[in-house]
Amino acid sequence: MRDDKLDQDRANHVPDPSDQMASADFVRANLGWMMRVALRYLQDPALAEDAVQSAFTKIFAKSNQFKGQVRIQAWMRRIVINEALMILRKRKSLKEDNSIDLLLPQFDGWQHRLETTGAND
């Protein structure tokens, strides 16, 4: 019973990042549910890992800004979701940026423009 209380305390308090042992315990205690949240949005384990890693970085960096007005997990969930949404925005932006390549003219090895629509035979 005491171990459950200790695990809950580790999960509900952001430790000082310089305390490596406490930080590792904190990450282990929260990693599972944070990955599940990120996966719901991203549908890709590698991208979800990126989102969670960024979220942990922000959580440790901004822990002094946590006011305790909501449960810490709610605050952390919002950070994970925001990180996942940022990844989705970047991916969408990259797809949109690449779409312009389809509109650009094509050239052969001699720098002659290739006709892409209905070349005359």
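This is a predicted model: local features need pLDDT of at least 70, side-chain atom pairs count only at pLDDT 80 or more; totals for chains, interfaces and linings use all residues.

Q: What happens at the start of α3?
A: A side-chain oxygen of Asp44 comes within 2.9 Å of the backbone nitrogen of Ala46 there.

Q: Which residues are buried in α3?
A: The buried residues of α3 are Leu47, Ala48, Ala51, Val52, Ala55, Phe56, Ile59 and Phe60.

Q: Why would residues three or four places apart point the same way?
A: An α-helix has 3.6 residues a turn, so residues with that spacing point the same way.

Q: Let us zoom out. How many helices and strands are there in the protein?
A: The protein has 4 helices and 2 strands. Along the sequence they follow the pattern α-α-α-α-β-β.

Q: And how much of the protein is buried?
A: Buried residues account for 26% of the 121 residues.

Q: What share of the contacts joins residues at least 24 apart?
A: Taking contacts between residues at least 6 apart in sequence, 54% join residues at least 24 apart.

Q: Now the core. Which residues in the largest nonpolar core touch the most other members?
A: That core has 24 residues, and those touching the most other members are Val14, Phe26, Met34, Leu42, Ile59, Trp75 and Met76.

Q: Which elements give two or more residues to this core?
A: They are α2 (20–42), α3 (45–61) and α4 (72–99).

Q: Take Leu42 from that list. What does Leu42 touch?
A: Leaving out residues up to four places away in sequence, Leu42 touches Leu47, Ala48, Ala51, Ala84, Ile87 and Leu88.

Q: On to the rings. How many aromatic pairs are there in the whole structure?
A: A search of the whole structure gives 4 aromatic pairs. One of the pairs is Phe26 with Phe56, which is edge-to-face, with 6.2 Å centre to centre and 75° between the planes.

Q: Which parts does that pair tie together?
A: Phe26 is in helix α2 and Phe56 is in helix α3, so the pair ties together parts that are 30 residues apart in sequence.

Q: Is Phe26 buried or exposed?
A: Phe26 counts as buried, because its relative accessibility is 0% and the limit for buried is under 20%. Phe56 is buried as well, with a relative accessible area of 7%.

Q: Which residues form the aromatic cluster?
A: Phe26, Phe56 and Phe60 form one aromatic cluster.

Q: What is Val27 in contact with?
A: Apart from its neighbours within four places in sequence, Val27 is in contact with Phe56 and Phe60. Val27 lies in helix α2, and at 24% relative accessibility it counts as partly exposed.

Q: How far apart are Val27 and Val52?
A: They are 10.0 Å apart in space, C-alpha to C-alpha, and 25 residues apart in sequence.

Q: Changing topic to charges: how many salt bridges are there?
A: The count comes to 2 salt bridges.

Q: Which side chains meet at 2.6 Å, N to O?
A: Those of Asp25 and Arg28 do, in a salt bridge. Both residues lie in helix α2, 3 residues apart, which is about one turn of the helix.

Q: Are Asp25 and Arg28 buried or exposed?
A: Asp25 counts as buried at 16% relative accessibility, whereas Arg28 is exposed with a relative accessible area of 58%.

Q: And which side chains meet at 2.5 Å, N to O?
A: The side chains of Glu83 and Lys58 meet in that salt bridge. The pair links distant parts of the chain, with Glu83 in helix α4 and Lys58 in helix α3, 25 residues apart.

Q: Why does Glu83 count as buried?
A: Glu83 counts as buried because its relative accessibility is 10%, and buried means under 20%. Lys58, by contrast, is partly exposed, with a relative accessible area of 35%.

Q: What else does Glu83 touch?
A: Besides Lys58, Glu83 touches Ala51, Ser54 and Ala55, not counting residues up to four places away in sequence.

Technical notes:
Residues are numbered from 1 along each chain as its sequence is written. Side-chain values use heavy atoms; hydrogens and water are left out. A nonpolar core is a set of buried Ala, Val, Leu, Ile, Met, Phe, Trp, Tyr and Cys residues joined through side-chain atoms within 4.5 Å. Buried means under 20% relative accessible area, exposed over 50%, partly exposed in between (1.4 Å probe, protein chains only). Contact means heavy atoms within 4.5 Å. Rings of Phe, Tyr and Trp (its six-membered ring) pair if their centres lie within 6.5 Å; planes under 30 degrees apart count as stacked, over 60 as edge-to-face and the rest as tilted. A salt bridge is a side-chain nitrogen of Lys or Arg within 4 Å of a carboxyl oxygen of Asp or Glu. A polar contact is a pair of N or O atoms within 3.5 Å; within protein, one must be able to donate a hydrogen and the other to accept it, and residues adjacent in sequence count only if both atoms are side-chain atoms.
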